[in-house]
Amino acid sequence: KTLHKESGGEEEGGNMLTARWVRGGRHIDWDLFLYQISPDLDTDVGFVRRTDERRASTALGYRFWPESWLINWGPRVTYMRNYTFDDVLQDEQFGLSTQFQFARNINFNVTYRNDLERFGGIDFEKTRWSFSGRVNTSRTYQFGANFSTGDQVRFSTAPFVGEGRNWGVNATFNPISRLQTSLNLNASRLTDPRDNTEVFDVKILRARTDIQFTDRIALRNITEFNTLDETFDFNVLLNYRVNAGTVFFIGYDDHYQQANLIEGDRDGDGIDDQLFFDRDLRRTNRAIFVKLQYLLRY
């Protein structure tokens with residue numbers, strides 16, 4: 001329960017309630033979840049993503065154990081409904097999935113979902129299929145992939161249901177205990193079925209490398225390229241750990257963007273203009289920074 005009052009205003013109260021019943025067993029597992037958050041709940045010292053919800057969800061799964069090259073597998077069904085406090089249905093989700101766990105730490109999942117989502121006062125029905133898998137047979141490398149296709153809502157001033165397709169691949173390398181590199185490539189494409197035009201086709205390539213030189217000194221690098229706005233980001237962070245709560249950081253941050261997409265107020269009229277007309281990458285900003293984190297013990 002919360003009580004909130006603005007300066008000179010009236011005090012308002014809100015509440016949030018949660019209840020959950022979970023059972024996990026070798027063969028059968030279930031999950032019953034009840035949740036509500038009132039529309040007048042407010043707090044200045046926390047973060048509330050969404051209010052005015054009354055949600056109930058349930059899940060039931062069964063697992064078979066052949067314990068051969070196929071360790072276990074089983075279906076799982078989920079269902080969820082979400083209402084406002086005025087009893088307006090906002091979301092309804094039905095899902096059916098099957099999970100397979102193979103020998104040598106290999107897994108594969110397939111999921112079917114039929115959803116209803118309300119946006120802008122309009123109910124949108126969506127049907128999607130998704131597939132994912134991961135191979136983790138070695139301590140030095142792991143890799144995985146995912147793919148989904150089906151209906152996808154275009155959230156805009158004139159929303160519609162388009163044909164969405166998403167896929168991704170990822171890999172992690174640990175050649176030595178003090179070095180780890182992760183690579184991720186994610187893509188998302190949406191087409192408008194009314195005229196078969198492409199709304200967007202985005203690919204994001206992200207790499208992260210962590211090096212632990214000593215017990216106290218470590219280096220992290222994050223590099224990312226985004227085709228939506230044609231940006232390239234490069235970040236390096238070096239840290240020296242004095243103890244569990246005291247750390248000294250020094251970092252370098254660099255950002256680039258395709259030149260003809262960079263805008264700025266060239267003539268001071270308050271309207272952004274195109275600044276360049278070539279397609280080369282140009283630096284938009286960079287920074288060198290230091291930070292000291294110190295733990296105070298009482």
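Is W69 buried or exposed? W69 comes out exposed, at 62% relative accessibility (over 50% is exposed, under 20% buried, in between partly exposed, with a 1.4 Å probe and protein chains only). Bear in mind that this is a predicted model, where local features need pLDDT of at least 70, side-chain atom pairs need 80 or more, and totals for chains, interfaces and linings use all residues. Numbering runs from 1 along each chain as its sequence is written, and side-chain values use heavy atoms, leaving out hydrogens and water.

**Overall fold**
- The protein chain has 19 strands and 0 helices (DSSP runs, E of at least two residues for strands, H or I of at least four for helices, numbered from the N terminus).
- Its C-alpha trace spans about 60 × 60 × 55 Å along the principal axes.
- Of its 298 residues, 27% are buried.

**Aromatic rings**
- There are 12 aromatic pairs in the structure (Phe, Tyr and six-membered Trp rings with centres within 6.5 Å; planes under 30 degrees apart are stacked, over 60 edge-to-face, the rest tilted).
- F64 and W73 are stacked because their ring centres sit 4.8 Å apart with planes at 25 degrees.
- F64 is partly exposed at 35%, and W73 is partly exposed too at 28%.
- W69 and F102 also stack, with centres 5.9 Å apart and planes at 10 degrees.
- That pair links distant parts of the chain: W69 is in the loop between β5 (53–62) and β6 (70–83), F102 is in strand β7 (residues 89–102), and they are 33 residues apart.
- F102 is partly exposed, at 22% relative accessibility.
- Ring pairs tie Y62, F64, W69, W73, F100, F102 and F108 into a cluster.
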